[in-house]
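These are my notebook entries on a structure that I had not examined before. I set down what I looked up, in the order in which I looked.

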Amino acid sequence: MSNMIPVKSDAIIPERDADKTPILECISLGIDFGGLTAVDNFNLTIGRTEIAGLIGPNGAGKTTVFNLLTKVYQPTRGTILLNGIDTHGMSTVKVNQAGVARTFQNIRLFSTLSVEDNVKIGLHNQMPYSMWSGIFRLPKYWSVEKKSHERAMELLSIFDMQDLADSRAGSLPYGAQRRLEIVRALATNPGILLLDEPAAGMNPSETAELMDNIRKIRDMFHIAVMLIEHDMNLVMGICEGICVLNYGKIIAKGTPEEIQANPAVIEAYLGKKKEA
Amino acid sequence: MKNKGIRLTRTTRTSAFTYGLVIVAYIILRILIGFGGISSSLQGMLVPICAYVVMAISLNLTVGILGELSLGHAGFMSVGAFTGVTAAIAMTNGVPSAGLRLALAMLIAAACAAVAGVIIGIPVLRLKGDYLAIVTLAFGEIIKSILNNMYVGVDGAGLHFSMLTSSDALGLAADGKVIINGPMGISTIPELSSFTAGFILILVTLFIVLNLIHSRAGRAIMAQRDNRIAAESVGINVTKYKMMAFVVSAALAGAAGALFAMNFSTIVANKFDFNTSILILVFVVLGGLGNMWGSIIAAAALTILPELLRKFSDYRMLVYAIVLILVMLATNNPTIKQFFRKLFGKKKTEEDVSHE
C-alpha cells in the first residue's frame, strides 16, 4: 500500500506526509479577469496535516486563490487536485462536499439564525434526512436532529461556545463571530480548512488563543489548515510552511525562518533598499 | 444543556401560540355562530378569511423564509381554484361524500399549483430581488390570461379541453356540461367549502410550514436567505432548497384557491389579479416577515376591515388605506414598541428573536 508518491518540489515542506497523497495540489493555476491576470502560475502542494500560511501585501491575490480553491471563480488555467482528484468543473457545493471548507475575510454568518443553527447548517450534508421526514416528524427526524444537536454542541465546545448556542449569530461579538465561522466550516467535515484572516480584529491575547485553537483543530481532526493572515506573529508562530504571493505570483516558499530571511519577501513588504 | 431547554421552549412556544390562536379563534367563532352573535354578512366571510390566512402563511414562506419577493401569488391561487373546482365537478358522481370530495379537490388543486410552481420556479428562481418580483408579476398575469381563454367541459367520455375558441369547440356529447367557460369562468360550482374545512386547512398549512421551517430543509432555506455564498460554501444546494420552498408555497396557495372558489357559486379568473397578489403581500408585510401568527392576524383583520367600514360607503377604501398606514407606522414606532414591551414585561432580546 505504501507506494511512495514523490512529493513535488511545489511542496513547502517536502518531508511531511511523504507517503500519502497530498490533500491539495495546485498545478500552474491561474485566473484572468478580462485582461488582468490576478493569479498566475500558482503551484502549491499541501500535506494532509500541514498548517500552511499564504501571505503577501494587499491586493496580491491571496483571497483570489481561496476563491479559486473553493470554485467561487473557475480557474482560467491550471489544475486543482483534491486528494488526488481533479476538481475541474466542480461547483462550490461539490468542492465543499469533496472536503474543502472555508471562512471569509468579511464574516459571512447566517446572522438572523441562532449559533446552534449556524453549526447545524454546516452539518447539513453530514446529517441528512428528507423533507418529508422533517414535515411529518418521522422517527428519522427525531434521531438525526438529536445527533446533530449533540454534534453541534461538541463542535461549539472546541471554542467554549456552548453557552452561546441560543444567541443570534449576528449579535455575537466580533471575535466570537470569527470563531463561529470556523466551527461552521469544521462541521462540514473537511479535509482542508481555509481560513481567510482569522485573526483580523482580534487583540493579542485573543490571537494567542486562536493560535492554540488552530493547532488543536489540526491535531483533533487530522486536517490540513491553510490560512491567509497579516498578523506575522501568528503566521510565523504556527505555520509550518509559508507561501508568499505578490502581484498574483509566488515569490517565495519555505519554512518561517527561510521566509523571514528571504530578500524578495523583504522587498515586497518593505520596498527596495536604496542603493548607497 | 440548560440553554437548550430555553431555546426549545421558545420555538415551541411560538408554534404553540400560533396553533392556539387559530384553535381559540375557531372555538369562539363557533360559539358566536351558535348563539347568533355574528351577522350573516360576516358569517359569509369566514371561508374567504380562512383562504386568505392560508394564502398569507404560504406567501410568508416565500417572502419571509425564502427571502424572495413574489408578486404573482394569486396566480397559484387561481390555478388551484380552477383545477380544484374542475376536479370537484368531475368527481360529482364518483365520490358522493362532500367532505371527501372537497379534500380530494384540494389535493388535486395543490398538486396542479405545485406543478405550476415548478414550471414558473425554474426560470424565476435564477433571478434576484426586483427582477424576480417583476417576473412573478408577469407570470401571475399570464396564468390569468390562460384561464381567461380556456374552455373545459365534461361528458361521458371524460374531460375536454380547448383554448382560445368557445365552449362550442369542445364537442361535448348531449349529456355533457361546460365547466370552465373562458372569461365567464365557472358558474356551476358545488359549494362544498365550510368554515370547518377552512379551519382544518389552516391547521394543515401551519403544520406543514412550521415543521418545514424547523427542520434541516428549513434551515437550509433560511441559510441561503441570510447568505447565499456562505450557504454554498458549506455544501448547500441553494437551487434545490429555493425550489422546495417555492413549490410548497405554491401548493398551499393552490389548496387555498380551491377552498376559496368552492365558497361561491361562480368564479372568474379576473378575481385573481395583481390586486389580489398585492393584498396578500400586504398581509405578510403587516404581520411581519417570517412571523406566521402575525400573518394570520393581519389576513383576518384586513379582510374584515373593509366590511366594518361599510358605513363610510364611498370613502371605505380611503379609510382602509389610512388605517393601514397608521398600523404600519404604529408597529414601527419605537415608543409604542417600548410601551407594549413594558406592558407585557418582555425583554428586548426576546422580542427581536420572535421572527421564527
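**Entry 1: a helix of chain B and its cover**

I began with the cover over the buried residues of H11(B), which includes helix H3 (46-66), helix H4 (73-90), helix H6 (129-148) and helix H12 (292-308) of chain B. I note that the model is predicted.

Which residues of H11(B) are buried? I found B:Thr276, B:Ser277, B:Ile280, B:Leu281, B:Phe283, B:Val284 and B:Gly287. Looking down the axis of H11(B), I saw that the buried residues fall within an arc of 150°, so they line one face of the helix.

I then checked the length of helix H11 (residues 274-287) of chain B. With 14 residues at 1.5 Å a residue, the helix should span 20 Å, and its end C-alpha atoms are 20 Å apart, which agrees. Just after H11(B), I recorded a positive phi of about 105° at B:Gly288.

**Entry 2: the domains of chain A**

I found chain A divided into domain 1 (1-99 + 190-270) and domain 2 (109-185). The centres of these two domains of chain A, taken over C-alpha atoms, are separated by 27 Å.

**Entry 3: where the chains meet**

I turned next to the contact between the chains, which takes 32 residues from chain A and 27 residues from chain B. The elements giving two or more residues to the side of chain A that touches chain B are helix H2 (92-97), helix H3 (115-122) and helix H4 (131-135) of chain A. The residues of this side of chain A comprise 11 nonpolar, 12 polar and nine charged.

**Entry 4: confidence**

The scores I noted for the model are ipTM 0.88 and pTM 0.88.

Where in chain B is confidence lowest, and where highest? It is lowest in helix H15 (residues 348-353) of chain B, at a mean of 43, and highest in helix H10 (residues 238-261) of chain B, at 96. I also marked residues 347-356 of chain B, over which pLDDT stays under 50. Where pLDDT is low, the predicted coordinates should not be read in detail.

Terms used: Residues are numbered from 1 along each chain as its sequence is written. Chains are lettered from A and ligands numbered from 1 in the order in which they are written. This is a predicted model: local features need pLDDT of at least 70, side-chain atom pairs count only at pLDDT 80 or more; totals for chains, interfaces and linings use all residues. Two residues are in contact if their C-beta atoms, placed from the backbone, lie within 7 Å. Helices (H or I, at least four residues) and strands (E, at least two) are DSSP runs, numbered from the N terminus. Ala, Val, Leu, Ile, Met, Phe, Trp, Tyr, Cys and Pro count as nonpolar, Asp, Glu, Lys and Arg as charged, and the others, Gly among them, as polar. Domain bounds come from an automatic or database domain assignment. pLDDT is the predictor's confidence in each residue, from 0 to 100. The expected span of a helix is 1.5 Å times one less than its number of residues. A residue is buried if 20 or more other C-beta atoms lie within 10 Å of its own, exposed if 12 or fewer, and partly exposed in between; C-beta atoms are placed from the backbone. The arc is that of the directions from the helix axis to the C-beta atoms.
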